[in-house]
Amino acid sequence: MVVLANPVLDQKSLIKSPDPGDHLPSIPTIDLSSPNSPEAIVRACKEIGFFKVTNHGVSMDLIEKLEAEAVKFFALPQLDKEKLGPSNPFGYGSKRIGMNGDVGWLEYLLLAIGAEPFSESSLAFLRDPSSSLFRSALIEYILSMRKLVCQVLELMADGLQLKQRDTISKLLQGSECDEIIRLNHYPPCPLLQGFNCGLTGFGEHTDPQIVSVLRSNSTSGLQIALKDGRWVSVPSDREAFFINVGDSLQVLTNGRFRSVKHRVIANSLKSRVSMIYFGGPALAQRIAPLPQLMEEGEQSLYKDFTWGEYKRAAYKSRLGDYRLGPFEL
């Protein structure tokens with residue numbers, strides 16, 4: 001890994017492009033209408049911590065409407081966008097990711113969802129009548145993500161043979177849930193054309209929540225780490241959603257599921273736009289292995305903690321830190 005001296009790319013890490021064969025041979029693809037989907041979801045969560053869902057019931061019209069609004073927003077003059085930042089952590093951000101020195105080749109809009117969505121002062125523009133289309137697209141999309149996540153987690157519970165289908169999904173229901181939506185724009189970087197490397201758009205990390213749901217345009221760039229440490233590229237599919245197992249779900253399953261490490265590499269010629277929904281429980285929710293999953297004599301691999309405690313620790317860490325480390329027994 002090297003760093004370009006060019007001031008335009010200062011502090012942005014270059015990453016050697018994976019070999020042509022380093023694509024996931026077969027991304028676990030779950031047809032949510034299939035009777036075999038519960039077992040397939042559990043298998044993907046154990047082996048990779050990542051899978052793609054099809055027949056998800058979210059209309060392409062809604063997806064494209066939000067993407068169009070995001071593209072329109074990111075096309076605004078830079079000075080206009082910067083009035084909505086810097087992100088702390090919510091609002092508009094450019095290059096800087098979080099508060100601890102991480103940087104990437106991207107700009108983004110980070111939105112908290114709660115009893116009063118978009119209530120942060122930096123997001124006041126979304127309450128303006130001129131942003132009504134953007135706001136309505138966001139609200140519709142959020143509602144569809146809640147429904148999709150509930151469906152996936154209930155199928156997951158079936159695959160784990162839990163008696164109550166809502167054992168996990170109920171953690172993400174109610175007004176106290178800690179939900180976030182992130183809109184990312186990775187501009188093209190023509191300076192890299194012809195080089196066998198990519199520019200870090202978003203550095204390697206795991207997601208601290210229970211699950212995250214990713215959708216992007218047709219520009220690839222997502223890479224995930226396999227158990228053997230290899231990084232592989234994930235081909236884009238603009239009509240599907242990608243599900244990441246988060247740290248909290250790894251704990252809930254006492255390590256049976258794997259929180260997937262992932263990153264995004266910017267493209268030299270094409271913009272990438274992605275939309276990510278993060279599903280976290282209420283701040284006071286205790287995160288611990290589910291008793292229904294524990295076998296006789298099995299001990300927890302983790303200390304007791306609440307989602308609020310883990311979230312605070314995550315916000316103090318760097319992207320690439322192993323955040324679960326301090327919470328392991």
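Val213 stands opposite Tyr277 in strand S14. That pairing belongs to a predicted model, where local features need pLDDT of at least 70, side-chain atom pairs count only at pLDDT 80 or more, and totals for chains, interfaces and linings use all residues. Residues are numbered from 1 along each chain as its sequence is written, and side-chain values use heavy atoms, with hydrogens and water left out. The chain has six helices and 16 strands. Helices (H or I, at least four residues) and strands (E, at least two) are DSSP runs, numbered from the N terminus.

**The chain as a whole**

- Of the 329 residues, 54% count as buried. Buried means under 20% relative accessible area, exposed means over 50%, and partly exposed lies in between, with a 1.4 Å probe and protein chains only.
- Take the contacts between residues at least 6 apart in sequence: 71% of them join residues at least 24 apart. A contact means heavy atoms within 4.5 Å.
- The chain exposes about 15000 Å², and carbon and sulfur atoms supply 53% of that area. Accessible areas come from the Shrake-Rupley method with a 1.4 Å probe; for residues, only the protein chains shown count as cover.

- Strand S9 covers residues 211–216. Six of its six residues are buried, so S9 is largely enclosed by the rest of the structure.
- In a regular strand the side chains alternate between the two faces of the sheet.
- Both faces of S9 are covered. Val211, Val213 and Arg215 are buried on one side, and Ser212, Leu214 and Ser216 are buried on the other.
- S9 pairs with S14 in the antiparallel sense, over six bridges. Two strands pair if DSSP finds at least two bridges between them.
- S9 also runs antiparallel to S12, joined by four bridges. Here Val213 stands opposite Ile243.

**Helix H1**

- Helix H1 spans residues 37–47. Its buried residues are Ser37, Pro38, Ala40, Ile41, Val42, Ala44 and Cys45.
- These buried residues pack against strand S3 (29–31), strand S4 (50–54), helix H4 (132–159) and strand S12 (241–245).
- Ser37 is found in H1. Ser37 counts as buried because its relative accessibility is 1%.
- Leaving aside neighbours within four places in sequence, Ser37 is in contact with Ile30, Asp31, Leu32 and Leu155.
- Just after H1, Gly49 takes a positive phi of about 85°.

**The largest pocket**

- The largest pocket has a volume of about 660 Å³. On a 1 Å grid over the protein atoms alone, a pocket is an open set of points with protein on both sides within 12 Å along at least five of seven lines, while a cavity is a set of points where a 1.4 Å probe fits but cannot get out; lining residues have an atom within 4 Å of a point.
- Grid points are joined across faces, edges and corners, and a volume is the space filled by probe spheres set on the points.
- The pocket is lined by 36 residues. Ile97, Arg182, Phe202, Leu319 and Arg323 lie nearest its centre.
- Elements giving two or more residues to this lining are strands S6 (102–113), S7 (177–186), S8 (197–205), S13 (262–266) and S14 (272–282), and helix H6 (307–315).
- The lining divides into 18 nonpolar, 11 polar and seven charged residues. Ala, Val, Leu, Ile, Met, Phe, Trp, Tyr, Cys and Pro count as nonpolar, Asp, Glu, Lys and Arg as charged, and the others, Gly among them, as polar.

**The cavity**

- The structure holds one cavity of 30 Å³ or more.
- About 40 Å³ of space lies in the largest cavity.
- Leu214, Ser216, Leu222, Val234, Pro235, Ser236, Phe242 and Arg272 line the largest cavity.
- By class, this lining has five nonpolar, two polar and one charged residues.

**Ile224 in strand S10**

- Ile224 sits in strand S10, residues 222–225.
- Ile224 is buried, with a relative accessible area of 0%.
- Ile224 and Lys261 are 37 residues apart in sequence, yet 5.9 Å apart in space, C-alpha to C-alpha.

**Positive phi outside glycine**

- Asn55 is not a glycine, but has a positive phi of about 50°. Asn55 lies in the loop between S4 and helix H2 (60–74). Asn55 counts as exposed, at 51% relative accessibility.
- Gln161 has a positive phi near 60° and is also a residue other than glycine. Gln161 is found in the loop between H4 and S7. Gln161 counts as exposed, at 71% relative accessibility.
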